[in-house]
Amino acid sequence: MLVGLPAPAVIGKTAHPVRDSLRQALKNLAAYALDFFLPRLCVFCEAPVEVTADTAVCGSCAEGIPAVTSPLCLRCGRLFPWRQGQDRTCHICRQEPPPFAKARAAVVYEEEGPTGQAVKRLKYGRRLEYLPVLQSWLRRPACLELASQAGVIIPVPLHAKRLRERGFNQALLLAQALPGVVLRDTLRRIRPTRPQTGLDPLARRGNVQGAFAVTRPWEVEGQNVLLVDDVYTTGATVQECARVLRAAGAREVNVLTAARTAPPGVAKAGFGGRGKVTPGP
Ligand SMILES: [Zn+2]
Ligand SMILES: [Zn+2]
């Protein structure tokens with residue numbers, strides 16, 4: 001929605017509060033009128049978007065966004081490549097249970113698909129028009145249900161240097177779209193890390209080891225914490241965060257991400273309809 005810019009400060013003899021506020025009101029009215037008459041365009045394909053749509057995504061692009069559906073791992077949320085059968089605990093979680101109770105995501109991350117585009121354009125291109133799109137994924141019923149069980153919501157933090165470069169922490173902006181208490185500085189990234197992209201699973205673990213610290217343990221002690229991030233890939237980052245939160249006294253940590261990677265072909269396998277979410281247990 002277009003919003004009129006604040007009126008420039010007026011100094012000296014030209015100051016006229018009534019005239020200036022009237023001018024401002026007219027500007028706002030013009031902006032709203034423009035917004036009403038000019039159709040919003042889809043952030044993916046630039047087709048006009050229906051006025052009733054929640055976000056600037058057209059119906060056809062919304063259909064192409066693959067939802068996370070069963071069967072998945074009850075613990076880590078991994079999507080099984082064989083799209084038949086029930087949810088169950090995967091062999092990796094059975095061998096080495098993760099420090100979180102469960103991890104869930106809204107949509108499947110496809111590097112070349114709309115979900116990959118949205119995440120990368122927001123994060124690396126600083127295209128904030130994609131933020132409401134990612135936030136809308138997190139407002140799906142299965143995600144809201146997980147959020148409703150949490151005592152506090154904690155975003156995966158960025159290191160101060162990375163935050164200065166990017167200007168925002170996408171995980172915090174996503175956490176703020178959820179109902180609940182968001183603690184923004186309780187978990188800190190105390191050591192800068194290399195981007196996880198391009199690293200193998202073992203290198204990813206090493207890269208984030210010792211990178212996080214809980215600055216105010218009393219805020220998480222005995223709490224059910226929901227950890228929020230944009231994408232779940234190998235889970236190395238959220239596992240390290242969950243480990244540190246548990247060590248600080250958190251009773252339980254669950255993980256919610258807007259998107260997660262899946263075995264090749266899963267997103268295209270036609271497993272229960274794109275754009276819909278089957279809530280995980
Ligand atoms: Zn579109
Ligand atoms: Zn698992």
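**Notes on the predicted model**

1. In this predicted model, strand S1 (residues 102-108) is mostly covered, since seven of its seven residues are buried. S1 runs parallel to strand S6 (residues 252-260), and six bridges join the two. Within this pairing, Arg-104 has Leu-256 of S6 as its bridge partner, while Val-108 stands opposite Arg-260 in S6.

2. S1 belongs to an open sheet of four strands, which follow the order S1-S6-S5-S2 with parallel pairing. The edges of the sheet are S1 and strand S2 (152-155), each of which pairs on one side only. From one strand to the next, the twist averages 25 degrees.

3. Helix H10 (residues 236-247) lies across S1, S5 and S6 and runs at about 165 degrees to S5. In the protein there are 10 helices and six strands.

4. The largest nonpolar core has 62 residues, and those with the most contacts inside it are Val-107, Leu-134, Leu-227 and Leu-245. Strand S5 (residues 224-232) gives the most to this core, contributing six residues, and the core draws at least three residues from each of domain 1 (20-63) and domain 2 (64-269). When neighbours within four places in sequence are left aside, Leu-245 is in contact with Leu-187, Val-214, Val-220, Val-225, Ala-250 and Val-253. In soluble globular proteins, nonpolar side chains tend to be buried together.

5. For the protein taken as a whole, buried residues make up 34% of the 281 residues. Of the contacts between residues at least 6 apart in sequence, 71% join residues at least 24 apart.

6. Most residues other than glycine have a negative phi, and most peptide bonds are trans. A cis peptide bond, however, joins Ser-70 and Pro-71, with omega at about 5 degrees, and Pro-71 is found in the loop between helix H2 (59-63) and helix H3 (91-95). Glu-46, in the loop between helix H1 (17-37) and H2, has a positive phi near 65 degrees. Arg-126 also has a positive phi, near 50 degrees, and lies in the loop between helix H4 (114-123) and helix H5 (131-138).

7. On confidence, the mean pLDDT of the protein is 87, and 87% of its residues reach 70 or more. The pLDDT stays under 50 over residues 1-13, for which the model has 14 contacts beyond four places in sequence. Over residues 270-281 the pLDDT is likewise below 50, and this stretch has 34 contacts in the model beyond near neighbours in sequence. Where pLDDT is low, the predicted coordinates should not be read in detail.

Key: Residues numbered from 1 in each chain as written. Chains lettered and ligands numbered in written order. Predicted model: local features only at pLDDT ≥ 70, side-chain atom pairs only at ≥ 80, totals over all residues. Core = buried A, V, L, I, M, F, W, Y, C linked by C-beta atoms within 7 Å. Buried ≥ 20, exposed ≤ 12 C-beta atoms within 10 Å, placed from the backbone. Domains from an automatic or database assignment. Contact = placed C-beta atoms within 7 Å. pLDDT = per-residue confidence, 0-100. Pairing = 2+ DSSP bridges. Axes fitted to C-alpha atoms, helices over the stretch in contact; angles between N-to-C directions.
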